[in-house]
Amino acid sequence: LLKPLLHTWSLSVEEQFYLIFPIITLFFLKYLKNKIIYAVLIGFFFSLIYAHWNAFQNPALNFYILFSRGWELLAGSFLALLEKKYDRNLNYKFLNIVLPTIGLACICYGLFLYNDQMPLPSFYSLNIVFGVCAIIWFSNKNNFLTKVLSSRFFVGTGLISYSLYLWHYPLFSFTRIAGFDPSSIDIFLILLIITIFLSILTFFFIEKPFRKIHFISLKYFILIISIIFITLICLSCYVL
């Protein structure tokens, strides 16, 4: 709770996955084109079993490494491959209503009843991943849950969610370091407002402009990155 950048572990795991998975995919597309979906399933199960085993052997290592988190990411890869191969049939009205609802219940169960003492990721994480997959796969634009999740509030929250994730942890962490208690309702609300405000600014003035191809020339981009890198190195040396 006192390490302001600890939350960047998840970004590290994602980047590792984004670097490794495309290479594996290219290999299978070239030599075993019709087998990649099976490779994803095998990777999913091995990663899940390893995560459950390691959750009781080395919980800290298990929480942070790609081998234990791979199955959560591969679940999404499986859905993407499944849709590409078979396409979705969304005409099952009963399933389109029931399964997204069950999925939402699974996510809420984890949100409200899980705690930091539980061995995660492990088999205990399955219901949350299943819940997300059920909503993605079976949601239909005409059902109530999809309309709620497609509302301006949820879409807007989704747009700034990456910035929310990046900002919230340092703000709460530095507040604790400064000697204040973020669980206090007034401090919590102030931090929440600051987090949302900074996230909106980040989204409009950093995320959106960077999506434009000609936002900044390559030489200036390299210059800025170099300055930031050197600054961080200098600060790190000073702190040490």
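**Close-ups of a predicted model**

View 1. You'll find S10 in helix 1 (helices, H or I with at least four residues, are DSSP runs numbered from the N terminus). This is a predicted model, where local features need pLDDT of at least 70, side-chain atom pairs count only at pLDDT 80 or more, and totals for chains, interfaces and linings use all residues. Residues are numbered from 1 along each chain as its sequence is written, and side-chain values use heavy atoms, with hydrogens and water left out. Is S10 buried or exposed? S10 is buried, because its relative accessible area is 10% (buried means under 20%, exposed over 50%, partly exposed in between, with a 1.4 Å probe and protein chains only). Its side chain makes a polar contact with the side chain of Y165, at 2.7 Å (a polar contact is a pair of N or O atoms within 3.5 Å; within protein, one must be able to donate a hydrogen and the other to accept it, and residues adjacent in sequence count only if both atoms are side-chain atoms).

**View 2. The largest pocket.** The space inside comes to about 1900 Å³. Helices 1, 3 (59-64), 4, 5 (93-113), 6 and 9 (161-177) each give at least two residues to the lining. Sorted by class, the lining has 25 nonpolar, 9 polar and 4 charged residues.

**View 3. The second largest pocket.** This one holds about 350 Å³ of space. Its lining has 17 residues, and F17, I24, G43, G70 and L74 sit closest to the centre. Which helix supplies the largest share of the lining? That's helix 2, with 7 residues.

**View 4. The largest nonpolar core.** Now look for F44, W71 and L74, the residues with the most contacts inside this core of 19. Helix 1 (9-31), helix 2 (36-57), helix 4 (66-86) and helix 6 (126-138) each supply at least two of the core's residues. Skipping neighbours within four places in sequence, L74 is in contact with F17, F21, V40, G43 and F44 (contact means heavy atoms within 4.5 Å).

**View 5. A cis peptide bond.** L120 and P121 are joined by a cis peptide bond, with omega at about -5°. P121 lies in the loop between helix 5 and helix 6.

How values were computed
Core = buried A, V, L, I, M, F, W, Y, C linked by side-chain atoms within 4.5 Å. 1 Å grid on protein atoms, 1.4 Å probe; cavity = no way out; pocket = protein on both sides within 12 Å on 5 of 7 lines; lining within 4 Å. Points joined across faces, edges and corners; volume = space filled by probe spheres on them. Nonpolar A, V, L, I, M, F, W, Y, C, P; charged D, E, K, R; others polar.
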